[in-house]
Amino acid sequence: MNNRIVITTDYLRPGDTVDTMLRDRGLEPVYSPAGGTRTDEEKLALFKGAVGAIAASEPVARAMLATSPMLKVIARAGVGYDNVDIDAAAELGIRVCNTPGVNHHAVAELALALMLACARRLNTVLAGVDDGGWPREAGTELRGKSLGVIGYGPSGKAIAALGVALGMRVLVSTAHPDSEQSSGIEFADFDTTIKAADYLSLHSRAGKGDPIIDAASLSAMKNSAILINTARGSLVDEAALVEALKTGEIAGAGLDVLQREPMVEDNPLRTMSNVVITSHLAGQTLEARERAGVAAAQAIIDVLDGKTPQGTVV
């Protein structure tokens, strides 16, 4: 029986909890960490001979799946799965799973950190201190401001709760309101939410259509508003965001995700003092990594045992 499990998630390593879980079930973890660029030949060979994979966020294209006839399941150690060709997986009978609910507190905490960094102008302050200065610019407080939340999954609920705790007015735009468990939160339509928000935090899934934050959306926001994105780079029209930041249509942005990652050298966002950028690490806490890895390994085991994991996508 083939028992090979390819692991491309770079923080999972031989001897850790996930490795032990898989080996205890008679499976053979094989490590090929995502990093840098794989050649076309390397991509096509990545999952050959494997029955399962715990995949990082690098693209998993149709051709990679089509050349892997033994592959039964791909588990993402995280929530996002838009890097996997879902249609191809479904056609080829490959189960795709994610691990919802394992990193939402980590994501919400980074969203809050980005809000605070923008509010207190930490880009400018830290750069000034590094240069030998002692800047004492006045920032703004979050208390009393309006937090708009787009999407009300686990991370959306978590940042909304933090906003309420900080004394912010919290508006949520979602197709699935949960008013019974959302004390202090107002549910509103998308247009109302983006117009009212001093901070607009994105927590929705990636769609197959146009970005939800485009030139029209940015124009509708307050000139003093800050856009926060810890969800998906594809949710934002990056060219429109750059223009809105240059012209003062919005005041700033805190971004953990971009349309192209790693960030390209000539991306104009890199040099904007009113933009705080982190390297797609919202879910990358030690605690969240442990939970995500264990959940992904359990999904692999469940599928190979003929069960349907909780985070089944297809």
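This report walks through the overall build of the chain and then a few residues worth a look.

## Ground rules

What you have here is a predicted model, where local features need pLDDT of at least 70, side-chain atom pairs count only at pLDDT 80 or more, and totals for chains, interfaces and linings use all residues. Residues are numbered from 1 along each chain as its sequence is written, and side-chain values use heavy atoms, with hydrogens and water left out.

## Overall build

The chain carries 11 helices and 12 strands; these are DSSP runs numbered from the N terminus (helices: H or I, at least four residues; strands: E, at least two). Its C-alpha trace spans about 65 × 50 × 35 Å along the principal axes.

Of the 314 residues, 46% are buried. Buried means under 20% relative accessible area, exposed means over 50%, and partly exposed is in between (1.4 Å probe, protein chains only). Take the contacts between residues at least 6 apart in sequence: 62% of them join residues at least 24 apart, with contact meaning heavy atoms within 4.5 Å.

## Charges

There are 29 positive and 38 negative side chains, and the centres of the two sets sit 3 Å apart. Lys and Arg count as positive, Asp and Glu as negative, while His and the chain ends are not counted. Each charge is placed at NZ of Lys, CZ of Arg, CG of Asp or CD of Glu.

## Cysteines

The model holds 0 disulfides, a disulfide being a pair of cysteine sulfur atoms within 2.5 Å. Cys97 counts as buried because its relative accessibility is 0%. Cys118 is buried too, at 14%.

## Ser155 and its surroundings

Ser155 belongs to helix α7, residues 154-165. With a relative accessible area of 16%, Ser155 is buried. Leaving aside neighbours within four places in sequence, Ser155 touches His104, Val107, Ala108 and His203.

The Glu261 to Pro262 peptide bond is cis, with omega near -5°. Pro262 sits in the loop between β11 (252-255) and β12 (275-277).

Arg121 is not a glycine, yet has a positive phi of about 55°. Arg121 lies in the loop between α5 (104-119) and α6 (122-130), and is partly exposed at 42% relative accessibility. His280 also has a positive phi, near 50°. His280 is in the loop between β12 and α11 (286-304), and its 38% relative accessibility makes it partly exposed.
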